[in-house]
Every structure is written in structure tokens, then in C-alpha cells.
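User: I have a structure here that is new to me. Can you walk me through it?

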Amino acid sequence: MRPTATSVAWVFAASFYAAAAVGFIPNPLLGPHGLFVADTAHNMVHLLTGVGFTVVALAGSKASVVFMQVFGPLYLLVGVIGFLATGLGGDGHLLRLVHINTLDNSLHLGLGAVIGVAGWYLHARSASVRPSPTIHQV
């Protein structure tokens, strides 16, 4: 069974909701002093991103594809700007709002690529699927 654009959007929504939830619970992986640095603002971004994926999943396939095609490159840009803000081994704040570190930046680059590729792949796949011709009886 091939994944649909809406099912992929639901997976991304769940992933971002999970990241937000884990970020609000003290743990060594994700948090102010975690491996991936995340403050309240960063957790809220994860939560809002999950909401965005939920909205487009509910809206349907086309909305999901377009969102992934736009959001993927945007997330890549977030990773690049993050590296410009922190360098290759530091931590800092993205646009003076969200606490990030090098691992966050790398994850943002990877997620941006995966989300963007998913959007373009699902778009190309849906364009190649043509409805079967209807046979009319006379």
C-alpha cells in the first residue's frame, strides 16, 4: 500500500506533536539543557507546526502536498539560518526568539529535505495517476 499525501501529513503532525510534548517534559533529549536545545518558544513552534500539518491533512491531498512543498524548503532555510546564528558547534537563538543548537540545525536541514521531497514525490505520483477511461454503452 502506497502512502497518501494525507497519511504522510498525519505522520508529520504526530511527529511534531510528540516533539512538542517531549519538549515540555524535563528530559535529557529535548529541553533547555537537552541534547536538542528547546525552550518554550521552540516547543510552541513544534506544536503550531503539528497544527499546520493537521489542518492540511484534514483539508485533503492537494493541500497536504502544497504545504509539504512550501514547508520543506522553509525548514531547510531555518536550518541554514540556524547555522549562521550558531556556527558549527555552538548554540544560540534563531531570530532572537527560539533557542537552538547545532543538532537542532542539522535536524531542521534533514527534516526540511524529507518534507520537501515527500511533497514533490507525492505531487509527481499524483500527476502520473490518471483516471481510467469510462466506457459508455450505447
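Analyst: Let's start with one residue. Leaving aside neighbours within four places in sequence, F53 is in contact with A9, F12, A13, F16, F67, M68, F71 and I115. Keep in mind that this is a predicted model.

User: Which residues touch the most other members of the largest nonpolar core?

Analyst: F12, F53, M68 and I115 do, in a core of 16 residues.

User: Which helices supply at least two residues each?

Analyst: α1 (5-24), α2 (40-59), α3 (61-86) and α4 (102-128). The largest share is from α1, with six residues.

User: Why would such side chains sit together?

Analyst: In soluble globular proteins, nonpolar side chains tend to be buried together.

User: OK, new topic. In what order do the elements of the chain run?

Analyst: From the N terminus, the order is α-β-β-α-α-β-β-α. That makes four helices and four strands.

User: What about the overall dimensions?

Analyst: The C-alpha trace spans about 75 × 30 × 25 Å along its principal axes. The radius of gyration is 18 Å, whereas a compact globule of 138 residues would have one near 14 Å.

User: How much of the chain counts as buried?

Analyst: 38% of the 138 residues. As for the surface, the chain exposes about 8300 Å², and carbon and sulfur atoms supply 74% of that area.

Methods: Residues numbered from 1 in each chain as written. Predicted model: local features only at pLDDT ≥ 70, side-chain atom pairs only at ≥ 80, totals over all residues. Heavy atoms only, no water. Core = buried A, V, L, I, M, F, W, Y, C linked by side-chain atoms within 4.5 Å. Buried < 20%, exposed > 50% of the residue type's maximum accessible area, 1.4 Å probe, protein only. Contact = heavy atoms within 4.5 Å. Rg over C-alpha atoms; globule rule 2.2 N^0.38 Å. Areas by Shrake-Rupley, 256 points an atom, 1.4 Å probe, with all protein chains shown as cover.
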